[in-house]
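This report covers a single protein model.

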Amino acid sequence: MLAGFIRSVSPENDPEFNGPNRKTSMTDILRLLRTVSAVADEAADKETAVTQILSAVCNYCQWPVGHAYLRVDNKLTSAGIWSISSSIAAGDIAEFRTQSEQTVFAIGQGLIGNVAATGSPVCIADVTVKDGFLRAAAASRNGLRGCFALPVKLEGQTEAVIEFFSPGVAQLDDEMLELLGFVGGQVARVLERERVIRSREALASSFESQVQGTVGMVAAAVSQMRGALDVLAESTDQTRKCSSGIDDATGRAISRIEDVADQMESLKDALAVVGTDASETVKITHDMGSQAREMRAGFAALQDRAADAEKMLASISAIAAQTKMLGLNASIEAARVGEAGKGFAIVAKEVKALAGQSASATEDIARWMSEILDAISKAGNDIEQIAVAMDNLQNRAEATATQADQQTETCVSVASCVDAAVADSRLVGDGVSEITAAIKHSEHVSSELGNAAHDLEKQGADLSVRVEGFVGKIRIA
């Protein structure tokens, strides 16, 4: 390529050595290549690099105006990057410059759009007479004629188009086009580096944002963890207090339940004695009732015998009356007989006296029998009441014995429940002990979590600092 270019720029190949179509030496070519390569390698930003490359090409070709379009989506717009020779006043091409910056080319539209679509450089000898050149009138008024448009391709797609203008008619050979194609490649390097820088910047920003977001989330999680640990600490304190209260209450409850159990055991023993005594009382009252009933039967028989005695007394009283009447009649008969009946009269008198004594004795016996009968009747009634009372006492004793048995069973059941309550209370005490152990373990875990949260917070801060340093190095690179 360079050999052919050298031939094309030799003075003997073209009598025109000055102006836009002048021939140059190998030194100028190498100077252009070195300049463009150095700019592509060292320029701080895209605008500076493209401006310096445009200036280098303009100086090499002796073309006073250079301008760049950049592709945005599927359109090419002015990048606002110009290289204008000091030989041209800014006001001389102001109209053309304004129109160029305001004109947007779609792919395939106008000179710039066609270069972008085909990806091939184009040289126009005189734009003022070129059909389809949208800025022809402004170029004519501003004294621009020759034009060269060069595509800048990146990964097979035109990403920019750089154009150059001269006051004279443009004529570039193939070697010059090939040289300027190298220039386009260097501009592509600049665009690629800027794309890589933007991508790296975006990647660094995204990485920094994600890491800082993660660090922020970690910090928030640490804060939440600390809040949870504080709540857990308060809950642990309250649980410890509740556990202590439950432990004390359980101890008191066990002591009281054990006292109740002892008292229930004593009550059970006492009720057993009461039951035994009640059973004995039932037996005694049963025997006494039987004896009372037997006495009541005896008094009934005695009352019957007393009734028979009254009948016998009545018979004796009748006999005494008859004897008295007999003695009276004997006295009458003895008196009638006279002396002969004196002895019989004495007998009759004695019989009469004996009859009187018998009647008196009978009356006394009757009176005594009446008193005895009254006493027997009263005793019979008393014994009857005693028998009834003994029956009632026996029933009550039996009821008492039954109740004592029931109370004993109840005491046994309550004692069993009390024993179960003691066992349950001891289980509660064991559970409280386990809760206490769990609280201690929870406090230990909370302490470890607190230390872990502190370490995590510190590591998050260290990570944030390291990420900032890493991202800063990436951006600097």
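## Cavity lining

The largest cavity is lined by Val57, Cys61, Trp63, Phe148, Phe164, Leu172 and Leu180. By class, that lining holds seven nonpolar, no polar and no charged residues. The space inside the largest cavity is about 30 Å³. One cavity of 30 Å³ or more is counted. The model is predicted.

## Overall fold

The protein has eight helices and six strands. Along the sequence, their order is α-α-α-β-β-α-β-α-β-α-β-β-α-α. The protein has 477 residues, and 32% of them count as buried.

## Pockets

The table gives volume and lining class for each.

| Pocket | Volume | Nonpolar | Polar | Charged |
| Second largest pocket | about 160 Å³ | four residues | six residues | no residues |

Lys46, Leu70, Arg71, Val72, Leu154, Glu159, Leu191, Glu194, Arg195 and Arg198 line the largest pocket. Strand E1 (65-72) and H7 are the elements that give two or more residues to this lining. H7 contributes the most, with four residues.

The second largest pocket is lined by Ser55, Cys58, Asn59, Gln62, Trp63, Pro64, Ser83, Ile84, Ser85 and Ser87. Here the elements giving two or more residues are helix H3 (46-61) and strand E2 (75-84). H3 supplies the largest share, three residues. Trp63 is in the lining of the second largest pocket and also in that of the largest cavity.

## Surface

Where does the chain show a nonpolar surface patch of about 250 Å²? Met325, Leu328 and Ile332 make it. Ile332 belongs to helix H7 (residues 174-337). Its relative accessible area is 40%, so Ile332 is partly exposed.

Ala137 sits in helix H6 (residues 136-141). At 42% relative accessibility, Ala137 is partly exposed. Ala137 and Val127 are 10 residues apart in sequence, with their C-alpha atoms 9.1 Å apart in space.

## Salt bridges

The structure holds five salt bridges. Three are described here.

Arg31 pairs with Asp28, with the closest N and O atoms 2.7 Å apart. Both lie in helix H2 (residues 26-42), three residues apart, so about one helical turn separates them. Arg31 is partly exposed, at 42% relative accessible area. Asp28 is also partly exposed, at 22%.

Glu95 and Arg141 meet through their side chains in a salt bridge of 2.4 Å, N to O. Glu95 is in helix H4 (residues 94-102) and Arg141 in helix H6, so the pair ties together parts that are 46 residues apart in sequence. Glu95 is partly exposed, at 34% relative accessibility. Arg141 counts as exposed, at 55%.

Arg145 forms a salt bridge with Asp126, and the closest N and O atoms are 3.1 Å apart. This pair links distant parts of the chain, 19 residues apart. Arg145 is in the loop between H6 and strand E5 (146-154). Asp126 is in the loop between strand E4 (122-124) and H6.

Asp126 has 14% relative accessibility, so Asp126 counts as buried; the cut-off for buried is under 20%.

Methods: Residues are numbered from 1 along each chain as its sequence is written. This is a predicted model: local features need pLDDT of at least 70, side-chain atom pairs count only at pLDDT 80 or more; totals for chains, interfaces and linings use all residues. Side-chain values use heavy atoms; hydrogens and water are left out. On a 1 Å grid over the protein atoms alone, a cavity is a set of points where a 1.4 Å probe fits but cannot get out, and a pocket is an open set with protein on both sides within 12 Å along at least five of seven lines; lining residues have an atom within 4 Å of a point. Grid points are joined across faces, edges and corners, and a volume is the space filled by probe spheres set on the points. Ala, Val, Leu, Ile, Met, Phe, Trp, Tyr, Cys and Pro count as nonpolar, Asp, Glu, Lys and Arg as charged, and the others, Gly among them, as polar. Patches are made of residues with over 30% relative accessible area and no salt bridge: like charges are joined within 9 Å, nonpolar side chains (Val, Leu, Ile, Met, Phe, Trp, Tyr) within 5 Å. Accessible areas come from the Shrake-Rupley method with a 1.4 Å probe; for residues, only the protein chains shown count as cover. A salt bridge is a side-chain nitrogen of Lys or Arg within 4 Å of a carboxyl oxygen of Asp or Glu. Buried means under 20% relative accessible area, exposed over 50%, partly exposed in between (1.4 Å probe, protein chains only).
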